[in-house]
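Hi everyone, thanks for making time this morning.

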Amino acid sequence: MAPLPNAELVQNSLQLYRYLLRCCKQLPEENIRQHYRHAIRQSFKVHADEDSPERIQQIIRRAIEDADWVMNK
């Protein structure tokens, strides 16, 4: 299963959040979708206070790589 197109356009945390939730919609089973939606929401809350642009870009890159891995699993 391929990740959604336009991952390279994700530039901020809100765009990342929406991108990841859209990826979840492609997962085959409801319980798996619920698990990843919960994990995305928790991660968003944990990193909500990040203010370093470099750190935010690092988190975005890693989250997209992880999403690609999950989608290809």
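Let me begin with a definition: accessible areas here come from the Shrake-Rupley method with a 1.4 Å probe, and for residues only the protein chains shown count as cover. With that in hand, the accessible surface of the protein is about 5,300 Å², and carbon and sulfur atoms own 53% of that surface.

Now the ground rules. What you see is a predicted model, where local features need pLDDT of at least 70 and side-chain atom pairs count only at pLDDT 80 or more, while totals for chains, interfaces and linings use all residues. Residues are numbered from 1 along each chain as its sequence is written, and side-chain values use heavy atoms, with hydrogens and water left out.

On to the fold. The protein has 3 helices and 0 strands, where helices (H or I, at least four residues) and strands (E, at least two) are DSSP runs numbered from the N terminus. Read from the N terminus, the order is α-α-α. The radius of gyration is 12 Å, close to the 11 Å that the globule rule gives for 73 residues, so the protein is as compact as a globular protein of that length. That radius is taken over C-alpha atoms, and the rule is 2.2 Å times the number of residues to the power 0.38. Along the principal axes, the C-alpha atoms fill a box of roughly 35 × 25 × 15 Å.

How much of the protein is buried? Of the 73 residues, 27% are, taking buried as under 20% relative accessible area, exposed as over 50% and partly exposed as in between (1.4 Å probe, protein chains only).

Because tyrosine 17 sits in helix H1 (residues 13-24) and phenylalanine 44 in helix H2 (residues 30-46), the pair ties together parts that are 27 residues apart in sequence. Phenylalanine 44 is partly exposed, at 35% relative accessibility.

Let's move to the loop between H1 and H2, where we find proline 28. This proline 28 is exposed, at 61% relative accessibility. From proline 28 to methionine 71 is 9.9 Å, C-alpha to C-alpha, although 43 residues separate them in sequence.

Finally, arginine 33, which belongs to helix H2. Is arginine 33 buried or exposed? Arginine 33 is buried, with a relative accessible area of 18%. Beyond its neighbours within four places in sequence, arginine 33 contacts Cys24, Lys25, Leu27 and Pro28, with contact meaning heavy atoms within 4.5 Å.
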